[in-house]
Amino acid sequence: MIGVRGDGLAESTTIMTKPGLGTPSRPLRVAVIGSGPSGFYAVEALFKVGDLVVRCDVFDRLPTPYGLVRGGVAPDHQKIKSVTRIYDKIAAHPGFRFLGNVKLGRDLQVEDLAAHYDQIVYAVGNESARELGIPGEDLEGVCSATEFVFWYNGHPDYRECEFDLSRTRRVAVVGNGNVAMDVCRVLIQDPERLAETDIADHALDVLRNSAVREVVLLGRRGPAQAAFSPKEIKEVAELEGVDLEIDPESVELDDVTKAWLAGGAAPKSAEKNLAFLAEVAVRGPGSNERKVHSRFLVSPVELVGEGGRLTRVRLQRNEIFAARDGTPRPRGLDDTFDEEVQMLFTAIGYRGIPIPGVPFDAEWGLIPNDEGRVLTARGGSIVPGQYVVGWAKRGPSGLIGTNSPDSKATVEKMVEDLRGQTADPLPEDEAERILTLLRGRGVDVVSFADWQRLDAFEQERGKALGRVRQKLVEIDAMLGAIRG
Ligand code: NAP
């Protein structure tokens, strides 16, 4: 669909008759796949490009927008969720349309998009979890934090997951990132503190019957290398009725870490985390029944069970060594010990999943790209008109706001690629055509106004119960609320 102007006279003569792409007489049509933060920031950046005239259709496989803001951010972090107000403003732009309940690869193929749009932006995030790759990972009681997070947030695909917390007193959480902090807080705090939030009903029921009283956080490197934000670990320490316990020896620094900190290569959070963890370590054990133990320099090497169910995690002690660039990395020592736990959550990072027709780098778990331009493979050639933003572009890193400059950078490439492009004017009914195609395939497309109806419905239901919102967790129920 994209007409590229060449240097030849014959071509440029033809082009004279065609309007420029992205002008009032030939608006640019962009399909954005995924309505999470990176998708919305890409749309915002497109709307802000000088005199570019652009129409953005934002697709989501769910009837609900906002990606991880709805399905990932913890229910006790309502303030973070208020970022959706910014997305609602973007959605109010006349060039914006939401096409929810449409799944790429199922309801729509890449070829359909190429036929209806000038540019495609993949904002699909990372939907699956990294695995530890150690014996025993298939035992009952071993779960991924990714699934747990989607489950407690009421993601329709995960509502059937089962987490038997009623027989679990001690839980291990592998990883020292912010997801590990979220999972830890949800597991250990008094569930009544979550009752007013938008946590899924099924999760609140399970948490109310939970026997969990201890969470053991397992970091493979030291406290200075913890990936959590200072605010997040502080929040765990400040949970009412919960003690955070840290062995004072574990916050003593090794020489590699000292040099790393002195060299200025460490993130800003490192010193803050260290200072706080050292302060907690000297407090000693508290008197609360609910406890979080933070262990550093340990890696799970085996998960041990009885009768198919997890009973212990075998941990290997690590030491820190300096990688070539000086980065402190963990190295296993000949020293293992066991922690008794009945459940273990892996919170060691997300991973992308392949989408039919879209290039995928299976090793890195993302869409291969060069600064946001999709490539056929890592180091391969550019796929014209296709772009990527967010976690699908750079991997699962950064906070919600990190996606704004990241999406903007991809949009700059999109605009660069538009230079000198012309195209035939669009037929009158052009905007309707994609809807006609989808309806013809029996897809019940959800518009932004539909979503706003569902949003109001969920909030009203919640209000009646003294909650922020009561989420619907089944797609049919969502569509019923919208249409009914
Ligand atoms: P993350 O920040 O990358 O943390 C992953 C953790 O898992 C790290 O501590 C990492 O250790 C560890 N790890 C990785 N592979 C491991 C292995 N094989 N064995 C043991 N440990 C392993 O990822 P995340 O927690 O999933 O978070 C993803 C992104 O979302 C992050 O940028 C995070 O800040 C953001 N997020 C933010 C919030 C918030 O602001 N409240 C909430 C949730 C998520 P190494 O450092 O040694 O690799």
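Two strands are taken to pair if DSSP finds at least two bridges between them. The model to which this is applied here is a predicted one.

**Exercise 1.** Determine the strand order of the open sheet of 7 strands, and identify which strands are its edge strands.

*Solution.* Begin with β1 (residues 28–33) and β2 (residues 54–59), which pair in the parallel sense over 6 bridges; within this pair, Leu 28 stands opposite Val 54 of β2. Extending the pairing to the whole open sheet gives the order β3-β2-β1-β4-β18-β17-β16, and the pairing is mixed. The edge strands are then β3 (96–99) and β16 (369–370), since each of them pairs on one side only. Finally, place the helix that covers part of this sheet: α14 (residues 403–418) lies across β1, β4 (119–122), β17 (373–375) and β18 (382–388), and runs at about 145 degrees to β18.

**Exercise 2.** Describe how helices α8 and α10 cross, and state which residues meet.

*Solution.* The axes of α8 (residues 178–188) and α10 (residues 230–237) come within 10 Å and cross at roughly 20 degrees. Because angles under 35 degrees count as roughly parallel, α8 is roughly parallel to α10. The handedness of this crossing is left-handed. Turning to the contact, Asn 178, Met 181, Asp 182, Cys 184 and Arg 185 in α8 meet Glu 232, Ile 233, Glu 235 and Val 236 in α10. By class, the residues of this contact divide into 4 nonpolar, 1 polar and 4 charged.

How values were computed:
Residues are numbered from 1 along each chain as its sequence is written. This is a predicted model: local features need pLDDT of at least 70, side-chain atom pairs count only at pLDDT 80 or more; totals for chains, interfaces and linings use all residues. Side-chain values use heavy atoms; hydrogens and water are left out. Helices (H or I, at least four residues) and strands (E, at least two) are DSSP runs, numbered from the N terminus. Contact means heavy atoms within 4.5 Å. Axes are lines fitted to C-alpha atoms, for helices over the stretch in contact, and angles run from 0 to 180 degrees between N-to-C directions. Angles under 35 degrees count as roughly parallel, over 145 as roughly antiparallel, 65 to 115 as roughly perpendicular and the rest as oblique. A crossing is left-handed if the near helix is turned anticlockwise from the far one by less than a right angle, and right-handed if clockwise. Ala, Val, Leu, Ile, Met, Phe, Trp, Tyr, Cys and Pro count as nonpolar, Asp, Glu, Lys and Arg as charged, and the others, Gly among them, as polar.
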